[in-house]
Amino acid sequence: MKKVLYTDFVSTEEIISAMLENKDFKKAMTRHNLYKFWKNVAGEKFAKKSRPHSMMGRTMIVACENNIVAQELMLKKTQILSKLQPYTKSLKITVKDLKFDPKKWIDD
């Protein structure tokens, strides 16, 4: 039986470094970090009934538990965008609009 030599391993540092250089990975991490602040922006009440789902260009799609939550958030859209602004600035990402979609909601 032939002996297998394990000398071609790539270090963890090299793997992480390569991942961090990937543009798509950076974008996903930035968006994920932005989504973490949703509770601060929407408030405790709405954070339980909505969550950021995705981004389409400069529009954040927010999944909502139902149409009522989507309507309430729609009425507060301007306030939410202004509360979101410090977070978007620090992450160097632009969010111009919010869309609230109850169809995107998935129960945990």
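Predicted model: local features only at pLDDT ≥ 70, side-chain atom pairs only at ≥ 80, totals over all residues.
Helix α2, which spans residues 23–36, has 14 residues and reaches 20 Å from its first C-alpha to its last, close to the 20 Å expected at 1.5 Å a residue. At its N-terminal end, α2 is capped by N22, a side-chain oxygen of which lies 2.8 Å from the backbone nitrogen of D24.

Two packed helices are described by the angle between their axes and the distance between the axes.

| Helix pair | Angle | Distance between axes |
|---|---|---|
| α1 (residues 12–21) and α2 | about 80° | 5 Å |
| α2 and α6 (residues 77–91) | about 155° | 10 Å |

With an angle of about 80° between them, α1 and α2 are therefore roughly perpendicular to each other. Their contact is made by M19, L20 and E21 of α1 together with K23, F25 and K26 of α2, and by class it has 3 nonpolar, no polar and 3 charged residues.

The pairing of α2 with α6 has an angle of about 155°, which makes α2 roughly antiparallel to α6, since angles over 145 degrees count as such. The crossing of these two helices, α2 and α6, is right-handed. On the α2 side the contact involves T30, N33 and L34, which meet L84, Y87, T88 and L91 in α6; by class, this contact of α2 with α6 has 4 nonpolar, 3 polar and no charged residues.

Definitions and conventions:
Residues numbered from 1 in each chain as written. Heavy atoms only, no water. Axes fitted to C-alpha atoms, helices over the stretch in contact; angles between N-to-C directions. Helix = DSSP H or I, 4+ residues; strand = E, 2+ residues; numbered from the N terminus. Parallel < 35°, antiparallel > 145°, perpendicular 65-115°, else oblique. Left-handed = near helix turned anticlockwise from the far one by under 90°. Contact = heavy atoms within 4.5 Å. Nonpolar A, V, L, I, M, F, W, Y, C, P; charged D, E, K, R; others polar. Expected span 1.5 Å × (residues − 1). Polar contact = N/O pair within 3.5 Å; in protein donor to acceptor, adjacent residues only side chain to side chain.
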